[in-house]
Amino acid sequence: MTPPEDTPSGQTASGPAVLAVSARPEVLKKRADFLRAARARYRPGPGFVLQARQRAPGEEASGIRVGFTCSKKVGNAIARNRAKRRLREIARLVLPEAGRDGWDYVLIGRKNDTATRDFAALQDDLRTALAQIHG
RNA sequence: GCGGAGGGCCGGAUGGCCGCGCGUCCCGCAAGGGAUGCGAGGAAAGUCCGGACUCCCUGAAGCAGCGGUGCCGGGUAACGCCCGGGCGGGCUUUGCCGGGAAAACCCGGCGGACAACCCGACGGAUAGCGCCACAGAGAACAGACUGCCCCUGCACGCAGGGGUGAGGGUGAAACGGUGCGGUAAGAGCGCACCGCGCCCCUGGCAACAGGGGUGGCACGGCAAGCCCCACCGGGAGCAAUGCCGAAUAGGGAUCUCACGGGGACUUCCCCAGGGCCGCUUCAGCCCCGAGAUCCGGGUUGGCAGCCAGACCCGCCGGGCAACCGGCGGGCCAGAGGAAUGGUCAUCGAACCGCAGGUCACGGCCUGCGGGGAACAGAAUCCGGCUUACAGGCCCUCCGCGCAC
RNA sequence: GACCCCGUGGCUCAACUGGAUAGAGCAAUCCCCUCCUAAGGGAUAGGUUGCAGGUUCAAGUCCUGCCGGGGUCG
């Protein structure tokens, strides 16, 4: 049923560059990475806030890295988890196609909008926000 | 059927597509890939109790101290939890007295009965200490402001002496309560009922209950004030702790206390002294080392702890019950910047609107449309408690009515 | 996650061993003084003592449960 051209396993290694980009984005875990991203580029959107930076030379050069932040302002643990999961999902769907190699991204949840905004709109938000933050 | 009360269970469903974590199996040298199974809660929450499990402290006994618990019996690994019982209170009903009202009835005091059910930090106030403001004469070995009664005196309304503690007033509380008798006035002064203390008998494992006798009231409240009695408890906590790897070091400086006597071959023994639990006693261990302070080095990371257990389900047996025992079956989250999801479709409870029907007017029934699920997310694990929670289902008990 | 502490007007603090009107300073409002302002003087208002129960005759104080805020530990 799925079109044969985008088989995810990249049968017989059609190109090494494709493999590097389509690999799953690494998750940011260190506090220092979050702080560096916050000091770089910043773009608020209707469902979330996007922060991004291009990694400096000396750090790991290839791969997309992404982190998620939902503070207590978002709500209780249920609301925070739900917001984080939706952010993770749009990152998984959008970043391999629209993200840039060698960049770090941080998605920050909003109080009610992240959990309730239409899912397709949320994906479009990320695409336009990425386009603007790169330029 | 109507009314009242208590308890238990569940707490959105199905499917498609795309994902995440862990286990097992297969393929692969490896990176990785494939298949398959499982994957949040009744509270996962608050962190309020109790344990398991680790590390720390020389052990035991006693004492002291600190903290906790508190009717009795049982359950349990344990508990401040649970079950059963007792007692007290509530709810309900009723008698007497006083007050209000035309009456039904209402309020206050004293007493009796009381189904289910609800509430109770429910040991001790004659072990001791302390406190009880204001008001009031008097607030805890009683005492006497106004009164009441008797006697004496006289300038006839007061003074003095005595009796009394019933009435008034104050207060949260006034040294048994209510009623009758009694008296100069009164009073447990006498009597009945109730309360209280002491003694005896009966029932009960016990808390306690019932009965009889006796006293004539001597015993106010507060222990969620100190305290007494009984019982329990060492301290810290999985960010505990252990291992691996990396790095650094097997440190340095200063100060203090000890290095005693005898035998012997320096190793050993004896004596004395010192040290090790808050104290004492006993035992043990240590004394060519010990202790204190400061400086220097490290704290990114991996693994274990970390999921088979006071576990879950069914049947049988014991017990009023909590619960216990036996047999059979099952495997039921293990993340770690933290997985357990995202999205779509169908169905859908509460609730809202409209129309119709019915009516003892509060509602109920039917149809159509809208609507789209409460509180809430494991973090070492169990047993409880507490708190939050839309709605639904089931069971039990009591009273009344109807039928049999 | 585990453990610990705190909570009184807008702010900073009091209130003894439970005892009756919860007090003081700053800030606020009004008035006086001054040509005006500041300073000074006078007056006024402002409090469910974080919330809810309980013990007691009586609770800011004692006890229990919630709520909110802060801190420590690798």
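Which helix gives the most to the surface near RNA strand B? Helix 3 does, with 9 residues, where near denotes a residue with a heavy atom within 4 Å of the strand. This is a predicted model, in which local features need pLDDT of at least 70, side-chain atom pairs count only at pLDDT 80 or more, and totals for chains, interfaces and linings use all residues. Residues are numbered from 1 along each chain as its sequence is written, chains are lettered from A and ligands numbered from 1 in the order in which they are written, and side-chain values use heavy atoms, with hydrogens and water left out. Helices (H or I, at least four residues) and strands (E, at least two) are DSSP runs numbered from the N terminus.

**Surface near RNA strand B**

- RNA strand B is surrounded by 17 residues, of which the closest are L28, K29, R82, R85 and R86.
- By class, this surface has 9 charged, 6 nonpolar and 2 polar residues; Asp, Glu, Lys and Arg count as charged, Ala, Val, Leu, Ile, Met, Phe, Trp, Tyr, Cys and Pro as nonpolar, and the others, Gly among them, as polar.
- At least two residues of the surface come from each of helix 2 (31–39) and helix 3 (77–98).
- Sugar or phosphate accounts for 59% of the atoms of RNA strand B within 4 Å of the protein, and bases for the rest.

**Polar contacts with the RNA**

- A polar contact is a pair of N or O atoms within 3.5 Å; within protein, one must be able to donate a hydrogen and the other to accept it, and residues adjacent in sequence count only if both atoms are side-chain atoms.
- The side chain of R85 places an N or O atom 3.0 Å from a phosphate oxygen of RNA strand B, and a polar side-chain atom of R88 lies 3.4 Å from a phosphate oxygen.
- For R92, a side-chain N or O atom is 3.2 Å from a sugar or linking oxygen of RNA strand B.

- An open sheet of 5 strands has the order 1-4-5-3-2, with mixed pairing; two strands pair if DSSP finds at least two bridges between them.
- Strand 1 (26–27) and strand 2 (41–44) stand at the edges with a single partner strand each, so one side of each lacks a neighbour in the sheet.
- Strand 4 (residues 65–69) and strand 5 (residues 103–109) run parallel and are joined by 5 bridges, with G67 opposite V106 in strand 5.
- Strand 2 and strand 3 pair in the antiparallel sense over 4 bridges and form a hairpin with 3 residues between them; P44 stands opposite V49 in strand 3.

**Salt bridges**

- The whole structure holds 7 salt bridges, each a side-chain nitrogen of Lys or Arg within 4 Å of a carboxyl oxygen of Asp or Glu.
- R55 forms a salt bridge with D104, with the closest N and O atoms 2.5 Å apart.
- This pair links distant parts of the chain, 49 residues apart: R55 is in the loop between strand 3 and strand 4, and D104 is in strand 5.
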